[in-house]
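Here are my notes from going through the model you sent over. Have the viewer open while you read.

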Amino acid sequence: MSHDSRTAPRICPLCEATCGLTLTIEGTTVTGARGDRDDIFSRGFICPKGASFGGLDADPDRLRVPLVRGEDGELREAAWGEAFDLVAARIPDLVKTHGPQAVGVVLGNPNVHTMAGALYPPLLLGALRTRNVFTASTLDQMPKHVSSGLLFGDAHAIPVPDLDRTGHLLLIGANPLESNGSLCTAPDFPGRLKALRRRGGTLTVIDPRRTRTALLADRHVAIRPGADALLLAALAHTLIDEKLADPGPLAEHLEGLDELAAALAEFTPEAVAAACDVDADTITAIARELAAAPTAAVYGRIGSCTVEHGTLASWLVDVLNILTGNLDRPGGALFPLSATARAPRAAEPGTRHAAPGKGFALGRWSSRVSGHPEAKGELPIAALAEEIDTPGEDRIRALVVIAANPVLSAPDGDRLDAALADGLDFMVSVDPYLNETSRRADVVLPPPPPSQSAHFDFAFNGFAVHNQVRYTRAAVPLEDGRMDESEIHARLILAVSGLHGAPPSAVDDLAVDTALTRAGAPKELAAGLTGGSGPERRLDLMLRLGPYGLTLEQLLAHPHGIDLGPLKPRLTEVLRTRSGLIELLPAPIAADLPRLRRALGDRPAPLVLVGRRHLRSNNSWMHNVGSLTGGSNVCTLQIHPDDAARLGLADGDTARIESSGGGIEAPAEITDTVRSGVVSLPHGWGHSRPGTRMSVAAAHPGANVNQLLDGTLLDPLSGTAVLNAIPVSVTPAH
């Protein structure tokens, strides 16, 4: 380290693990990143993404000033004032002429990795008053939100496995050694799984691929893709049928146990075995092992969510945790309590039961073209293109895209790309890159690199396997000519609201006033808030109103975080159903079960496609970091040797893959880590479209797996695109 070097703590914003980093900084340049050994949550763990923080931060392809589209149709650099002037001139006028539904909003998953992305989009949606909201949730996690909403009355009440204390962990459709976890914030997931094995615990992995996670398992079950809900239903049936179900203290908080037993009667291990390609004895053994374990947790993620029965599978994960008495129990699956969470609800007076809540409703409105019901206030992102290119009243004419690249991440990117180019009157994108989606914008507003931004994990602390709180200020000053991401969002809100020219602080002041009103707190509290910015004042308020009564000053005094203790049972604080009970068989679930029963007789396709995660990648937005390219982080079609021989493919040959949405080509990678009858392509590739400015990604473009999908196949309860278990044909390319 040179004499002018210094170090600074920084929470890593590059995946859900939220590891603590120690950055080495020379001048204003991040020259290195290592794990922060003093971080109270990650204890020094780091993955390749975190180690590449400096490379991503200094990426020369990151935009530094706004871009606006000139009269010649080309994007050119512009001053910040000109960019916001254009937004203020166009969007309010479109809303006045065509109504609020003429504007759509698209939010990508990087939003949950920044403070601004968490704090400001809700205010933007309130200002626009549009119901045309599309997010990355309908590409990965919406089934879990819907099932939690139906079971517990709150779509954000998602229990997480108590990794550090459980004695038996069953993972289905999850590969945390590559993903670092999802809806389960756990730094050093690999170390936690190894610790489970060392203390005598059991790890069961259900996955059609022999992943790095599966290699750690005591039992790996190579299920047929898409059959997750059938297998889980058979496990639940076995627990009930063999009288192994024992909810324990949960019993007094349950509604519908007898109805559940009747609804699952047909899903015997023998009935589902052929459809799952898992023998009945194995299914029965897994159920018995779950029941016999002193503590156990079932955890399912992307592979079990992005399939035709994703919501049913997500529901059944928690049904298993409930039937075994492991929900809301140390060592089982518990509800985290973050420092900025709403204050816990009190029990019904005079009882130990939860007070009745408002419950959770689906389908409060529907999309204009195909009539897709909303879920959690969102419409399926697979429907975005048709909402733009289909004529009629309330057609989307303007789009606000924040940290999203749906041309690559959503089905049928070709149709969406054409809709963005030809079907919109105006588009604004908040994005650090000119990517496959933002290249179509009329205004591009680039946030600064992460070293120049403060960081707090509003979302991920609510999914953490240990209660804790950490905050890091910007490691280096904001570069001249750049605008803080929070100010970008605030000015965007003012511009679309017809309040262009008002100070950005007005947005934060309004947010503080609204929060105090909702909490029933005295308005005088606002005067005592500390912090050097609007977001810090808002964070200080949320901490003060939160369950631990903390302050921003306390966080600043603990740069490596504050340990808030292990997860604790808190079911009655969480439940918000109308009954005040866990509604075990909600009506929408019961209505969807006949569709699952019909799947018992489905004839499996000869070849189906599944996705896969890479440790050195995070969807499409990290493919421009040179140090993360190559190695295992490549876009290949993994195929079993038997299938390759049958199809006439050799390792490295170019394969042609075709499905309902079209065809793509990718190099064949012959491997027995994927079961026969299954091929695998990673998500987020396809960086070959002209007009982007991502040189590293363009040099390694890969193939866009989502172009194989036409967007018509969705999980009906959640609107989530079916990305896994897609029938495909594979031939040698000519």
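The points below go through ground rules, sheets, helices, cores and a few single residues.

1. **Ground rules.** This is a predicted model, so I kept to pLDDT of at least 70 for local features and 80 or more for side-chain atom pairs, while totals for chains, interfaces and linings use all residues. Numbering starts from 1 along each chain as its sequence is written, and side-chain values use heavy atoms, with hydrogens and water left out. Helices (H or I, at least four residues) and strands (E, at least two) are DSSP runs numbered from the N terminus.

2. Strand β1 (residues 5-11) pairs with β2 antiparallel, through seven bridges; two strands count as paired if DSSP finds at least two bridges between them.

3. **How enclosed is β2?** Strand β2 (residues 20-26) has six of its seven residues buried, so the rest of the structure largely encloses it. Buried here means under 20% relative accessible area, exposed means over 50%, and partly exposed is in between (1.4 Å probe, protein chains only).

4. **The parallel sheet.** In what order do the strands of the open four-stranded sheet come? They run β11-β10-β9-β13, with parallel pairing. The edges are β11 (219-221) and β13 (297-300); each has a single partner strand, so one side of each has no neighbour in the sheet. From one strand to the next the twist averages 15°. Between β10 (residues 202-206) and β11 there are three bridges, with V205 partnered by H220 in β11.

5. **Helices on that sheet.** Helix α8 (residues 189-198) packs on the sheet and touches β9 (168-172), β10 and β13, at about 125° to the direction of β10. Helix α13 (residues 280-292) lies across β9, β10, β11 and β13, and runs at about 135° to β11. For these angles, axes are lines fitted to C-alpha atoms (for helices over the stretch in contact), and values run from 0 to 180 degrees between N-to-C directions. Contact means heavy atoms within 4.5 Å.

6. **Helix α5.** In α5 (residues 121-128), P121, L124 and L128 are buried. Down the axis, the buried residues fall within an arc of 55°, so they line one face of the helix; the arc is taken from the directions from the helix axis to the C-beta atoms. P122 and G126, on the other side, are exposed. The cover over the buried residues includes α3 (80-98), β6 (103-107) and α19 (485-496). Just after α5, R129 has a positive phi of about 60°.

7. **Aromatic pairs.** How many does a search of the whole structure find? Four. W80 and F84 make a stacked pair, 6.3 Å centre to centre with 20° between the planes. The rule is that rings of Phe, Tyr and Trp (its six-membered ring) pair with centres within 6.5 Å; planes under 30 degrees apart are stacked, over 60 edge-to-face, and the rest tilted. Both residues lie in α3, four residues apart, about one turn of the helix. W80 is buried at 13% relative accessible area, and F84 is buried at 3%.

8. **Cores.** The largest nonpolar core has 62 residues, and W315 and I582 have the most contacts inside it. Apart from it lies another core of 53 residues, among them L63, L637, L714 and V722. A core is a set of buried Ala, Val, Leu, Ile, Met, Phe, Trp, Tyr and Cys residues joined through side-chain atoms within 4.5 Å. Leaving out residues up to four places away in sequence, I582 touches residues including F152, L250, I322 and L571.

9. **Two arginines in loops.** R576 is in the loop between α23 (571-574) and β20 (582-583), and at 16% relative accessibility it counts as buried. Beyond four places in sequence, its contacts include F152, D154, R342 and K358. R368 is in the loop between β14 (333-334) and α16 (384-389), and at 27% relative accessibility it is partly exposed.
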